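Please examine the sequence and the structure shown below.

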Amino acid sequence: MAACKEELEAPTEQQDVARGEENLPISAWPPGAGPEPFQYTPDHVVGPGADIDPSQITFPGCICVKALCLPGTCSCLRHEEAYDDNLCLRDTGSEAKYAKPVFECNVLCQCGDHCRNRVVQRGIQFYLQVFKTDKKGWGLRTLELIPKGKFVCEYAGEVLGFPEVQRRINLQTTNDSNYIIAIREHIYNGQIMETFVDPTYIGNIGRFLNHSCEPNLLMVPVRIDSMVPRLALFAAKDIFPGEELSYDYSGRYLNLMDSEDAERPDNGKLRKPCYCGAKSCTGFLPYDSSLYCPLEKPNIN
C-alpha cells in the first residue's frame, strides 16, 4: 500500500539512519522511532574467518584513456556491457536462471568518473526510507520513482568464513532475524565460489529489505576493486513512490520451491511464515539448510 502524503516528505538530516555515510540521507518512519542501533557501513568489512579483505584492491585497472570502455578493448568488459546508455542493468529478465556477474571499472582504471561502467560504486541515487511494517518488523521503501534496471542499494556487512557463519546461526533463537546471506557463484569445472555476508552488527540499509515471493529487486554480484563481490540490488521493474523494496531470499529471481523444500523443518522447528502478500506467496520464507548444519566438533587427542 502506498504511503500517505506526509510520509513521503523529503527526509531531514536528523532522521538519517545512514548517519551521513551514503550520498543521500535515509529517513525513518514513524517520526521519533527507529530500528535498533547497529554500526553503519556502506561497504563490506572483513569479519572473522574471511579469506579475503574486501577493502584490498586485487584487480588491475584498464587503460582506456581516450577511448570509451567497450567490450573487446576494455579489460574490465571481457564479454559484454552490463549497463545501457541510461546506466540501467541490461539483463533484468525473469527468464534468466542465474544472475550474470558484473565487473565495473575500478580505482586503478585510467578511465574517468564519466565512464558508464561505474554504477554501483556511485552509491545510492534515490531517496529511500526505513519504515515499520505491520507484520515484518522494519522494511525499506522508496520515496521516488525508480525505473527498471536502475541500481538501488547494496547488501553490505561483515564478510565471514563458514565456521563463523555456523557459530552465529547456532546462537540464534527462534525470535531472532537471520540477516546472513550466502552467495554461491558457479565459476568453472563445476566449482562454486561462496561468499557469506552478515549485516546484523555491521551493515547498511540492505539489512532492512524484506523477502517477497514476487520481488521488485534483483540481486547481482558486482566486482569493482576486489574479488569479493558487492551484492548490488537493481530494480526488476518500475518501482513507484511508497512501494516497499524487496528481493527473493532464496537467491533466485523467481522463488520456486519443490514440495520437499516446503515441508522441510527449520533446524527442527517450523519454517518462518512469509507475509509478503504476493499472489504466488509460498507461505514460508526460503530456507538454506546448508547454513544450519551442526557445528563440527574439534578432534581431541
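## A salt bridge across the sequence

Arg230 is buried, with a relative accessible area of 18%; here, buried means under 20% relative accessible area, exposed means over 50%, and partly exposed lies in between, for a 1.4 Å probe and with protein chains only. Arg230 forms a salt bridge with Asp43, and the closest N and O atoms of the two are 3.4 Å apart. Arg230 belongs to strand E13 (residues 230-235) and Asp43 to the loop between strand E2 (39-40) and strand E3 (45-46), so the pair ties together parts that are 187 residues apart in sequence. Asp43 counts as partly exposed, at 35% relative accessibility.

A salt bridge is defined as a side-chain nitrogen of Lys or Arg within 4 Å of a carboxyl oxygen of Asp or Glu. Side chains of opposite charge can pair when their charged atoms come close.

## Basis of the description

The model is predicted: local features need pLDDT of at least 70, and side-chain atom pairs count only at pLDDT 80 or more, while totals for chains, interfaces and linings use all residues. Residues are numbered from 1 along each chain as its sequence is written, and side-chain values use heavy atoms, with hydrogens and water left out.

## The chain as a whole

The chain has 301 residues, and 46% of them are buried.

The chain exposes about 16,600 Å², of which carbon and sulfur atoms supply 52%; accessible areas come from the Shrake-Rupley method with a 1.4 Å probe, and for residues only the protein chains shown count as cover. Among contacts with a separation of 6 or more, 68% are between residues 24 or more positions apart, where contact means heavy atoms within 4.5 Å.

## Further salt bridges

The whole structure holds 12 salt bridges. One of them joins Arg168 and Glu158, at 2.9 Å from N to O. This pair links distant parts of the chain, with Arg168 in helix H1 (residues 162-170) and Glu158 in strand E8 (residues 157-160), 10 residues apart. Arg168 is buried at 11% relative accessibility, and Glu158 is buried at 8%. A network of salt bridges links Glu158, Glu164, Arg167, Arg168 and Asp198.

Glu81 and Arg90 form another salt bridge, with their closest N and O atoms 3.7 Å apart. Glu81 counts as buried at 18% relative accessibility, whereas Arg90 counts as partly exposed at 46%.

Strands of a sheet pair through backbone hydrogen bonds, either parallel or antiparallel.

E1 runs parallel to strand E5 (residues 128-132), and three bridges join the two. Ser27 lies in strand E1 (residues 27-29) and is buried, with a relative accessible area of 1%. Its bridge partner in E5 is Gln129. The side chains of Ser27 and Gln129 are also joined by a polar contact of 3.1 Å; a polar contact is a pair of N or O atoms within 3.5 Å, and within protein one must be able to donate a hydrogen and the other to accept it, while residues adjacent in sequence count only if both atoms are side-chain atoms.

Conventions. Helix = DSSP H or I, 4+ residues; strand = E, 2+ residues; numbered from the N terminus. Pairing = 2+ DSSP bridges.
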